[in-house]
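Subject: Structure handover

Hi,

Here is the structure I promised to pass on. Please open it alongside this email.

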Amino acid sequence: MKTTVKYDIELIKEEALELVKKRLVNRQQQIYTLCKYIPHRDWVNFELELEKNEFLLRDRIIDLLEHESWDED
């Protein structure tokens, strides 16, 4: 039996940050790009949580990464 993951905005932000760190997505890409990395069965819940928190699929991933910490070079 396949279960659907309940996404909250913090989980979405963590997932986005991990994908950026792994260089699978770029901060400037649209949030919609994340759909490649979210199971199809979970996408509706993912999208609803984004909308509930006033994010649009056309917004940039960087908008989800509010509190990134930077290491000094």
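This is a predicted model: local features need pLDDT of at least 70, side-chain atom pairs count only at pLDDT 80 or more; totals for chains, interfaces and linings use all residues.

Residues are numbered from 1 along each chain as its sequence is written, and side-chain values use heavy atoms, with hydrogens and water left out.

Aromatics

The structure holds three aromatic pairs. Rings of Phe, Tyr and Trp (its six-membered ring) pair if their centres lie within 6.5 Å; planes under 30 degrees apart are stacked, over 60 edge-to-face, and the rest tilted. Tyr32 and Trp43 make an edge-to-face pair, at 6.1 Å centre to centre with 90° between the planes. This pair links distant parts of the chain: Tyr32 is in the loop between α1 (9-21) and α2 (43-52), and Trp43 is in helix α2, eleven residues apart. Helices here are DSSP runs (H or I, at least four residues), numbered from the N terminus.

Trp43 also pairs with Phe46, this time stacked: 4.9 Å centre to centre, 25° between the planes. About one helical turn separates the two, because they are three residues apart in helix α2.

Burial goes by relative accessible area: buried is under 20%, exposed over 50%, partly exposed in between (1.4 Å probe, protein chains only). Tyr32 is partly exposed at 44%. Trp43 is buried at 12%. Phe46 is buried at 1%. Tyr7, Tyr32, Trp43 and Phe46 form one aromatic cluster.

Asp59

Asp59 is in the segment after α2. What is the nearest side chain of opposite charge to Asp59? It is Arg58, 5.2 Å away. Asp59 is buried yet has no salt bridge (a side-chain nitrogen of Lys or Arg within 4 Å of a carboxyl oxygen of Asp or Glu). Its side chain does reach the backbone nitrogen of Leu56, at 2.7 Å. Setting aside residues up to four places away in sequence, Asp59 touches Gln29, Gln30, Ile31 and Glu54. Contact means heavy atoms within 4.5 Å.

Core

A nonpolar core is a set of buried Ala, Val, Leu, Ile, Met, Phe, Trp, Tyr and Cys residues joined through side-chain atoms within 4.5 Å. The largest one has 17 residues. Ile12, Leu34, Phe46, Leu50, Ile61 and Leu64 touch the most other members. α1 and α2 each supply at least two residues. The largest share, five residues, comes from α1. Beyond its neighbours within four places in sequence, Leu50 contacts Ile9, Ile12, Ile31, Phe55, Leu57 and Leu64.

Best wishes

Notes: Lys and Arg count as positive and Asp and Glu as negative; His and the chain ends are not counted. A polar contact is a pair of N or O atoms within 3.5 Å; within protein, one must be able to donate a hydrogen and the other to accept it, and residues adjacent in sequence count only if both atoms are side-chain atoms.
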